[in-house]
Amino acid sequence: MATPPPLERRTDTYAGRSLDVLRGMVLDGQLQPGQRLNEVELARALGISRGPLREAIQRLASEGLLAVVPHRGSYVRTFDAAELRDLYELRTALETHAVRLAVRRADTEDLQDLDDLLGATEEVLESDVDTAYPGELDFHHRVVALSGNQSMLRAFGDANNQIQLARSRSGRQPRRARDAYQEHREVLRAMAAGDAELAARLLGEHLQHSLDNALSLFDTTVPDSPGGLDEDKE
C-alpha cells in the first residue's frame with residue numbers, strides 16, 4: 001500500500017488533515033479501487049493515532065469513496081457500470097440547472113475567467129498530443145461555482161469525486177480530451193450569448209458523451225466487493 005508522508009503539527013485537526021491526505025491518495029490512484037486500508041500502517045505513516053484516522057475514514061465513506069465493512073475493514077469503493085450511469089444522471093441534473101443559474105448570475109469578468117481557463121486548457125492540450133484533459137483546470141467546477149449555490153457546489157463535489165474514482169477503471173483517450181475542450185467552448189459561447197437553455201442542452205450532451213466514452217473503456221477486471229480480497233492483518 002502507498003505510504004503517505006507524516007502530518008506536520010499545525011493548529012487544524014489531525015482528522016481534517018488526514019481526511020485531505022486520504023482523499024488525495026484515493027483520487028490520485030495511490031490507493032486502488034478494491035484495496036483494503038491498513039489502519040495501523042496509515043496511522044504510523046501519518047504520525048497520528050487511529051482515532052483521527054478513523055474519523056477521516058468515516059467521512060470518506062459518507063462521501064462515497066470508501067466502503068466500511070463490519071469486521072472486515074475499510075476498502076476503496078469500486079463502481080459497476082450501472083452505478084456510473086447513476087452518478088452521471090445526478091451530475092447532469094446538478095450541472096444543467098447550475099449552468100442556467102450561472103447564465104443569469106455571471107458577469108463579464110466571470111465569463112472572461114472561464115475563457116481564460118479554457119485558453120490555459122488549450123495550451124496544455126497543444127503542448128502534448130498524448131495528454132489527458134488537465135484535471136486542475138476544471139471547467140465544470142467553475143461553472144457550478146458561478147451558480148452561486150453552495151449546497152449545489154458541495155453535492156457536485158461529492159458526485160464528481162465518485163465519478164473520478166469510478167472512471168479510474170476506464171482508460172484515457174487524448175482525442176476525447178480535445179473533443180471535451182471543444183464542447184466546453186460551445187457551452188461557454190451559449191453562456192456568453194445569454195442562452196441558458198442552449199447552454200444546459202449542450203452541457204447535458206457533453207456529459208452524455210463523457211459517460212459513453214467511460215463506458216466504452218470500462219474495465220471489469222477490478223473486484224466489485226471486498227469479498228475475496230486479500231486482507232492485510234493489523
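These questions and answers go through a predicted protein model, from its overall make-up to single residues.

Student: How many helices and strands does the protein have, and in what order do the elements run?
Tutor: Helices (H or I, at least four residues) and strands (E, at least two) are DSSP runs, numbered from the N terminus. The protein has nine helices and two strands. From the N terminus on, the order is α-α-α-β-β-α-α-α-α-α-α.

Student: What share of the 234 residues counts as buried?
Tutor: Buried means under 20% relative accessible area, exposed over 50%, and partly exposed in between, with a 1.4 Å probe and protein chains only. Of the 234 residues, the share that counts as buried is 46%.

Student: Among contacts between residues at least 6 apart in sequence, what percentage joins residues at least 24 apart?
Tutor: A contact means heavy atoms within 4.5 Å. Among the contacts between residues at least 6 apart, the part that joins residues at least 24 apart is 74%.

Student: How far apart are the end C-alpha atoms of helix H4?
Tutor: Helix H4 covers residues 81–105, which is 25 residues. The expected span is 1.5 Å times one less than the number of residues, so H4 should span 36 Å. The distance in the model agrees with this, at 35 Å.

Student: Which residue has a side-chain oxygen that reaches a backbone nitrogen at the start of H4?
Tutor: A polar contact is a pair of N or O atoms within 3.5 Å; within protein, one must be able to donate a hydrogen and the other to accept it, and residues adjacent in sequence count only if both atoms are side-chain atoms. At the start of H4, the backbone nitrogen belongs to Ala82. The side-chain oxygen that comes within 3.2 Å of that nitrogen belongs to Asp80.

Student: How far is Leu84 from Leu215, C-alpha to C-alpha?
Tutor: Leu84 lies in helix H4 and is buried, because its relative accessible area is 0%. Leaving aside neighbours within four places in sequence, Leu84 is in contact with Ala166, Arg167, Leu211, Ala214, Leu215 and Phe218. Leu84 and Leu215 are 131 residues apart along the chain, and their C-alpha atoms are separated by 8.3 Å.

Student: Is helix H5 roughly parallel or antiparallel to H6?
Tutor: Axes are lines fitted to C-alpha atoms, for helices over the stretch in contact, and angles run from 0 to 180 degrees between N-to-C directions. The axes of H5 (residues 108–127) and H6 come within 11 Å and cross at roughly 175 degrees. Angles under 35 degrees count as roughly parallel, over 145 as roughly antiparallel, 65 to 115 as roughly perpendicular and the rest as oblique. H5 and H6 are therefore roughly antiparallel.

Student: Which residues of H6 meet H5?
Tutor: On the H5 side are Asp110, Asp113, Leu114, Leu117 and Leu118. The residues of H6 that they meet are Phe139, Arg142, Val143 and Leu146.

Student: Is Ser147 buried or exposed, and which residue's backbone nitrogen does its side chain reach?
Tutor: Ser147 is found in the loop between helix H6 (139–146) and helix H7 (150–166). Ser147 counts as buried because its relative accessibility is 0%. Beyond four places in sequence, its contacts include Ala98, Leu101 and Arg105. At 3.2 Å, the side chain of Ser147 reaches the backbone nitrogen of Asn149.

Student: Which side chain makes a polar contact with that of Glu183?
Tutor: Glu183 is in helix H8 (residues 174–192), and at 13% relative accessibility it counts as buried. Leaving aside neighbours within four places, Glu183 is in contact with Arg176, His206 and His209. The polar contact, at 3.0 Å, is with the side chain of His209.

Student: What is phi of His71?
Tutor: His71 is found in the loop between strand E1 (66–69) and strand E2 (73–76). His71 counts as exposed because its relative accessibility is 85%. Phi is positive here, in a residue other than glycine, with a value near 65 degrees.

Key. Residues are numbered from 1 along each chain as its sequence is written. This is a predicted model: local features need pLDDT of at least 70, side-chain atom pairs count only at pLDDT 80 or more; totals for chains, interfaces and linings use all residues. Side-chain values use heavy atoms; hydrogens and water are left out.
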